Amino acid sequence: MNTRAFTMQLIAIAFAIIVAPLLIGWVNQCRAWLQNRRGPGILQPYRLIRKLFHKDAVIATNASPLFRLVPYVQFASMGLAAGIIPSLWTGLPFADAADTIALVGLFATARMFLALAAMDIGTAFGSMGARREMLVGFLAEPALLMVFFTASLISHSTSLPTMVNVLAHGPLAIYPSLAFASISFLMVLLAENARIPVDNPSTHLELTMIHEATVLEYSARHLALIEWASALKLFNYVCIGFALFVPWGLAQGLGNLPDLAIAVPALFIKLVAVGFGLALVETINAKMRIFRVPEFLASAFLLAVLGLLVHLLLGH
Amino acid sequence: MELIILLVLPPLGSLLLALVGERDWAAEVNILVSAGTFAAGAWLTMHVIAHGPILTGNEEFFIDPFNVFLVALTSFVGFTTSLFSRTYMRIEQHHGRLNRRQLRLYHSMFQLFMFTMLLALTTNNMGILWVAMEGATLTTVLLVSLYRTPASIEAAWKYFILCGVGLAQALFGTILLYFAAEKVLGNVGTTALLWTRLNQVKGQMEPTVLSLAFVFLLVGYGTKVGLVPLHNWLPDAHAEGPTPVSAVLSGLLLNVALYAVVRCKVLVEGSVHSDLAGNLMMGFGLVSVVVASFLLWRQKDIKRMFAYSSIEHMGIATFAFGMGGPIANFAALLHMTVHSLTKSSIFFTVGHATQKAGSQAMDKIRGLITVNPTVGWGLMIGTLAILGMPPFGVFTSEFLILITAMRDHPWATPILLLALAVAFGAIFSRVQAMVFGETDLKRLPHSPTLLPVFTHLTIVLILGLYIPHYLADWYREAARIIG
Amino acid sequence: MVTPLSSQLIDLCAAVLLLLSFSMLSQRRVLTLVDLFALQGGTLFVSIVVVAWNTHQYQLFYSAALTLVLKVIFLPLILNRLIRRLGAQWETETLLNASATMLIGLLLVIFAFTLAEPISRLASTITRSTLGIALAIVMLSFLMMITRRKAVTQVIGFLAMENGLFFAATSATYGMPMVVELGVALDVLVGMVILGVFFFHIREQFDSLDLHNLESLKED
Amino acid sequence: MTDPTCAFFGITLIPVAWLVIGLLGLVRIRSVPWVGRILFPVSALLGLLLGAMALSGLALPAQTLVLPLGLPSLPFHVRLDGLSRFFLMLIGFTSAGISMFSAGYLRPGEGTPPGLMCLQYHVFLASMAVVVLANDAYLFMVAWESMALSSYFLVTTEHRLPEIRRAGFIYLLIAHIGAISILLCFGVLQGGSWRFTFDAMRAAHLTPLWASLAFVLALFGFGAKAGLVPLHVWLPEAHPAAPSPVSALMSGVMLEVAIYGLLRVTFDFLHAQLWWWGLLALGLGLFTALFGVVFAAAQTDMKRLLAYSSIENIGIIFLGVGLTIIFHAFHMALLAAVALAATLYHCLSHAFSKSLLFLSTGSVLHATRERSLGKLGGLIHRMPWVAWLTLIGTLAIAGLPPLSGFVSEWLLLQAFLFTPSLPHSFINMLLPIGAAALALVSALAAYVMVKFYGVIFLGQPREPTLQDAHDCGRPERIGLLWLALGCVLLGLLPVPILALLNSVSRELLGASLGGRLQHWWLLAPIAPERASYSPVLFMLSTVALVTLVTVAVHLLYHGKVRKTEPWGCGFPVVTARMQDTAEGFGQPIRQIFEPFFRMSRTLPSPFDTAPHYRVQVDDHFWYWLYAPVATVIQGVARMTAVIQRGRISVYLLFSFLTLLALLVFVL
């Protein structure tokens, strides 16, 4: 890979890392508005992270090195994912390193480490959170994979850039299978990013929380990294969604200036829309009982498989 | 010459032991005589390998590859058994189950039994063959009833009556054979019962008579082989007699009876130009295998169980002989060899196991390996060998038999395999429980002689991996004779 | 040279033998059974002598003598003494009532004849037709062993079977070779001795000769 | 090594050498130093040698040899071709690690004396090598059954415990039945030539019917050994019963040897003619995988858990075999090659990772004398070596990038993605479900592995006794390191290794990935734009990012690190018993996959003073399949016993009737 591509790659990652908290901020803001609150403002996540970086870290006495390693792994893997998922332009050298299947694997690795870290301290809530996290994971992952399969059957490829190129720049066609896929993807997105109705990001009511339980023992810089990583995760998922279902506006290849001039605003428009949509979903839904979560995700999984079958039945 | 030694030594030994059998050194004498017999047998075998079949004593004795290997086997197992029985009987005496008179009877009858076996094998005269078989019955009846317990008396009685009646049928068959032969050979006194002569003229003998004769002979000698449903005496006799006797019953007597059947089959097939004889034997063999393997599940007494396994294996061998053809006969001969070696070694170990436990009930015998590793491993390995586990010889013969069955009688193969699997489950589950686990068994007053056990098992192991050329040629030759 | 008389004689003997074995089949009293057995032996002896005389098979005289000594004199004698010593004069009851046994016996005889028919057609001897009878006797005594419950009677049945075989040997073929005859005789003798010993063992173990004592060894 | 024939002899000599080592063990049967410090390291070296020789020869043509042993009509034939070389490599490299570990693992006074155990162990190794080398049915069967026997004795090392005896019995029984069906399979395969050399079987031409029969028999026979559902019942019994190195050997090597047999028969002899064979294998494999992983999630004994996870992996491998057959039957050579590569690769990765995990359980067992997950925990502080190396194995077996397990799953999923190009619409409909199930299985595997690792090594020790657990000794470390290294390398360098497999797939399928593996760093089996995966790049960039972030954070960060008690969530005391137990962790899976289990639960009533919760999870197949068969056999036996009722008259009647019947028959 030549230097330009490499620099562009780094830029892409940096861009994602910087923009990610903004999305969270936007979603929270929208929720506040929808719930007739003023809201802390879009930049709140940045402030939070800064604050955390200036605090003293508190670590449980029986924490193992694994526990301290995990936040970095989290952050790094999400960063890498951001390097693979085309957010502005498709010409990403890293995309060769990992196609969609590997991407799912990457998310799985991150989750596994998070769960292990949660079990490391050995408190009741840590292990509970780990269990629930994995429970969500083992149903969400296959669903996500099926979504990718549907797309890859259309584009005859499992590497995201190729998919995008086919879907965005190929002859415009309506894919009913993608409709199924998109719904199940949305459900997966909600589950994976600990949003309502699966989880409630803004609560610490122990018995209902999933994601928060796993990071209960983290503080200061570690917590900061984790929060940032989860923001990145949301951003990544949203970008995947864009790439698969509304790929228009993405610059092809490394992209020349005019393309980028289109791509950047396009992305932001989409982000704004999606952020609002998420906030809406979270507002009109109530969090479901933890026992319902498997059913919710199973239906997501089945929807994805259904999409696959629909594609095979209709032949496109 | 060596033949004379072979046939004279045992009766002399029997006489001698009848006189001095109760002395302390009687067992050594017994060993000595058996060793001599074995030497003679080996010598005879060499001679036959070197110069081919012998026909002597105005044609009354005939040694060909078929029976010479049985002679060698018989004298060898007889020898090892005498080795084993020395300590075994000492321990029995020590436990007070035997007095000196019984010991004398045992020793002298043992030799007499060996004599009848060897006579039956070496004679060329079908009549003498019958006489020898009957003699074998009588001697073993005495051996089985040695302990004079009610059970042993009952077993001996059943053994006597059933085999006596059976052999009576065999005699009738022999008469019919003679009757048919006379038509061809003319009533020239003795020659009309000589197997060699009959073999020459088998083509001209009257088929109907011979087929009838074969039925009687099969029922007769088949009773002694222990073919279902003529087998009923066998488990009782094996279980109630002293262990060395069980060993020779399983290891030798059944073989010799089967030998007699096969000799008759050869004649009949020559005359009756249908494979009647073969089919009958296959039928009996198959029934025996299946019934025995299922009956194995009902066993509580260890010696009884292995008696049934003997029935099963004799069934296999009979089936193989019934199929006929070079491979099957080869396999059957091999099977007879490895079975008698393995089964006798199993009985040796079983004998000591029962002495330790003071009972033949299997749930009394536990954890042999912990109390006496050699006995335990001997029993375990022997069992695995008899169950047809490679790399032991039994697997070799069963493999050959099975592939022949697949070729000639595909319908029979699944039945055989099912039976083998059932037998495996039955025997192994019990033996494992006896060999392994915790134990409360006590040590023996005399340390057991396990040299025979491991000699036998080593031979069986070698036969599983490598069959020496002369042995192979020898079996082939025998297989050719059987046709 | 074969005179019809002799062959008639032999047929007569055969008929008598068959008759005797029938009566043995139905006989309850053990001592009478022994006498019948002796009678059977006698008839056998006569028939052998006749055959030997007519066919000049002189080695048959030996076997005739053997029969006389063994089956007419010796065995009945020791059987008698044994039975008296053991006090086993009475066969309490058979497994099957007499008439049924007879009926089965009759069927067996028919079966034996049909079986022997093709063989005797081949026979060139003067005794051709008697092979069937010999077979019939063997089977009848077999039946007797099955139906009786006392050790002694079973043994008598066994011996009767031996008689049948001897008769077959002489009638079908003029006797087996001498060695074989001797060997068979020896076996029978030894067998009898052993059985004699056994009676006592059984008695002292089970204090009766009833066979239902001997049913402990079995699969359950 | 350069001269192929000398390498061939070298390879054939190594089993012999192993046997010799085993016999040397008997020389000083009770001396741990002799066996442990001398013999086992030597055999580990031999293993390495074997692996190296096989590896170096992978591309060579087939070589054959006839030994002057065996039956006069059928002497021992030995053959060395790509497939056998591959599996020899697997056996050699894996066993090297395991033997090294065993060197330190042996302790005096545990069941079988070490010398004898050494003999059994090496007979086991040698027989596995010979199974792979054998080129005629007889030698194969001999080696196959010796393998079963020696492993049986190894399983029953602790024969004083009744459940271990039971396990051994079930194991040997099923192995024997499987062997019988393999024997039948060979009987069919010789196809009328009545010669039982494998060459004859290659030459034989079978009608589809007979070929199918042979395939089904092979599937049954080898499946019984590999633990294919419903023939798996022995596996979760035998593996926990055996000493850990033996479990490692059985799970990591023996199961793969069974796969070898299946591949040999299906592709080499039967040439994989019919597509429905593939469908059968695929269906069974999928079910086995799902079954295994679901049961693994419900286990509370660490070795049982691993055993079930082995069942799962075997399922995945069978699935791969099935895909290969399907593609091959439809003459899609390239895709068949992809599927086969995935299958073989999974064998390799499973061999390394599963033996690693079993060995680590061995170390845990030695350190804590505890097998039940409910009594472990927090061991990462006491035994860091084991813990960190196990983490690698855990991630590998969970199929996470960039480790070994992921590569094979990636390839398999790729293969699945190509199925729509099949000419058969029915399968096209069916296979996506398969892909979905595979995805589900691998996700569940991650769940199981989190449970395994988290409960054993993380959290607080659940028992006070765990405080004095000690880390494993040096030989064990070497063994574990070697296997972990294998997992990592297999994960990072798939391309060179797959390139080595080309010769194998060319032999079996007549096609290979050949030219498609130009860049050593980029795995693109079909075409880079189609699908690509570059573990090296993946790994490098992750590491780079981690370091970058770390550095950045440490520049940015000004606070200190304080250590305190964990937050008690408002509870007065936080005890170790508040952590999730193994049952608790498996509970969601148990709930979701309820129909899989036969559960017996005892729930406490709310008024219990000492509430007690018990749940027992059983296998349906035991009650549906095995128990009925046993009862049938017993019934038949009871019936047959009628002929042995002890009445002499009846016996006489038998023989009389037999006589009459035969007379009538011949009349």
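This is a predicted model: local features need pLDDT of at least 70, side-chain atom pairs count only at pLDDT 80 or more; totals for chains, interfaces and linings use all residues.
**Entry 1**

Which residue of strand 3 of chain D stands opposite A:Ala57? I looked up the position and found D:Val561 there.

**Entry 2: the contact between chains D and A**

I then turned to the whole contact, to which chain D gives 68 residues and chain A gives 71 residues. On the side of chain D, the elements that supply two or more residues are helix 14 (379-382), helix 16 (404-418), helix 17 (425-457), helix 20 (535-556), strand 3 (561-564) and helix 21 (582-592). I recorded helix 17 of chain D as the source of the largest share, with 15 residues. Sorted by class, this side of chain D holds 45 nonpolar, 16 polar and 7 charged residues.

**Entry 3: the contact between chains D and B**

For chain B I looked up the corresponding list, and found 44 residues of chain D in contact with 48 residues of chain B. Here the elements of chain D that give two or more residues are strand 1 (63-70), helix 5 (137-155), helix 6 (162-189), helix 22 (620-640) and helix 23 (648-666). The largest share on this side of chain D, 11 residues, belongs to helix 6 of chain D. I also wrote down the classes for the side of chain D that touches chain B, which are 29 nonpolar, 12 polar and 3 charged residues.

**Entry 4: chain A as a whole**

I went back to chain A, which I found to consist of 12 helices and 1 strand, arranged along the sequence as α-α-β-α-α-α-α-α-α-α-α-α-α. Its radius of gyration is 19 Å, close to the 20 Å given by the globule rule for 316 residues, so I noted chain A as being as compact as a globular protein of that length. The C-alpha trace of chain A spans about 60 × 45 × 40 Å along its principal axes, and buried residues account for 60% of the 316 residues. Of the contacts in chain A between residues at least 6 apart in sequence, I noted that 79% join residues at least 24 apart.

**Entry 5: helix 1 of chain A**

Last, I followed helix 1 of chain A, residues 3-34, whose 32 residues reach 46 Å from the first C-alpha to the last, close to the 46 Å expected at 1.5 Å a residue. Where does this helix have a kink of about 30 degrees? I located the kink at A:Val19, shortly before the proline A:Pro21.

Terms used. Residues are numbered from 1 along each chain as its sequence is written. Chains are lettered from A and ligands numbered from 1 in the order in which they are written. Two residues are in contact if their C-beta atoms, placed from the backbone, lie within 7 Å. Helices (H or I, at least four residues) and strands (E, at least two) are DSSP runs, numbered from the N terminus. Ala, Val, Leu, Ile, Met, Phe, Trp, Tyr, Cys and Pro count as nonpolar, Asp, Glu, Lys and Arg as charged, and the others, Gly among them, as polar. Two strands pair if DSSP finds at least two bridges between them. The expected span of a helix is 1.5 Å times one less than its number of residues. The bend at a residue is the angle between axes fitted to the seven residues ending there and the seven starting there. The radius of gyration is taken over C-alpha atoms; the globule rule is 2.2 Å times the number of residues to the power 0.38. A residue is buried if 20 or more other C-beta atoms lie within 10 Å of its own, exposed if 12 or fewer, and partly exposed in between; C-beta atoms are placed from the backbone.
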